[in-house]
Amino acid sequence: MKLIFLGPPGAGKGTLAAKALEILKVPHISTGNIFRAAIAAKSPLGLKVKDILDSGKLVDDETTTGLVKERLSQDDAQKGYILDGFPRTIPQAEALAVFSAVDKVVNFDIPNDSVLERLGGRRTCRKCGYNFHQVFDKPKQEGICDHCGGEVYTRDDDKPDAISKRLEVYRAQTAPLIGFYRERNLLVDVDARPAVDQVVENFKKSLHISS
Ligand SMILES: [Zn+2]
C-alpha cells in the first residue's frame, strides 16, 4: 500500500508511522532519512543536498523530488511505502503523481487546542532530555527530573506562542495539499485526538486493514 501521511506537529505522526509500518511491512520514507542516506552514499544528488544544507539553505522542490523519485525506485519500495514530509507543495505533489500512484493520503487530524494541550504541557529535563508532561506524566517533585535530578523546564519551542506559530505555518502549507488530494478522492481523515493505540485502530478501520 502506497501512503502519504499528513499531520500537524503534536499529532504523533512519528509514533503512528512506526506502528503503521509494523502492520503494513513497507518502508517509512521521510525526506530527512532520504537526505541522510543520499549524503552518506555520496550520490550526485546527495552531494548537491550536502552543499545546500551546509550553506544553511532549504532544499529546493526539484532536488527533493529527484531524491524521492530515486528512493521510490528502490526494491523495498515497490510493494508500498509510507511517505512522510513529502510532498509539501503542489508542484511536489504534481511531480509525485507522474512517477508514483499513491493509494491514499492519510490526514491525521487534530484541532489546534488539542495540540496546544499536548505540546504546551511538555516539560523537558535540561540534563538528560527526558520529556515529561504536566498533566499526563508529571515529575514526582515539581521542576526536578525523576531520572537524573536535572532541572525540568519548558523549551522555547513548547511555549504557546511558538506552538501557535508552528501550527499556523503547517496549516498554511498543508491546506492546498489537502484540497489537492481531496479533489482526487485520495484523502482519508483519521481523528488523531485519542491515545495512540486508538488512533492506530481508527487508521486501520479507515483503510480497511483487517490484521
Ligand atoms: Zn533528567
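Q: Which residue stands opposite V105 in strand 4?
A: I4 does. This is a predicted model: local features need pLDDT of at least 70, side-chain atom pairs count only at pLDDT 80 or more, and totals for chains, interfaces and linings use all residues. Residues are numbered from 1 along each chain as its sequence is written, and side-chain values use heavy atoms, with hydrogens and water left out.

Q: In which sense do strand 1 and strand 4 pair?
A: Parallel, over four bridges. Strand 1 covers residues 2-6. Strands are DSSP runs of E, at least two residues, and helices are runs of H or I, at least four; both are numbered from the N terminus. Two strands pair if DSSP finds at least two bridges between them.

Q: What is the bridge partner of V105 in strand 8?
A: L187. Strand 8 is residues 187-191. Five bridges join strand 8 to strand 4, and the two run parallel.

Q: New topic. Where is S100 found?
A: S100 sits in the loop between helix 5 (90-99) and strand 4 (104-109).

Q: Is S100 buried or exposed?
A: Buried, because its relative accessibility is 9%. The cut-offs: buried is under 20% relative accessible area, exposed is over 50%, and partly exposed is in between (1.4 Å probe, protein chains only).

Q: What does S100 touch?
A: K2, L72 and Y81, leaving out residues up to four places away in sequence. Contact here means heavy atoms within 4.5 Å.

Q: Now the metal. Which residues coordinate the zinc ion?
A: C125, C128, C145 and C148, each through SG, at 2.3 to 2.4 Å. Donors are N, O and S atoms within 2.8 Å of the metal (3.2 Å for Na, K and Ca); water is not among the atoms, so sites may look incomplete.

Q: How are those donor residues spaced in sequence?
A: As C-x2-C-x16-C-x2-C. C128 and C148 are 20 residues apart, and the pair links distant parts of the chain.

Q: Is C125 buried or exposed?
A: Buried, at 3% relative accessibility. C128 is partly exposed at 41%, and C148 is partly exposed at 28%.
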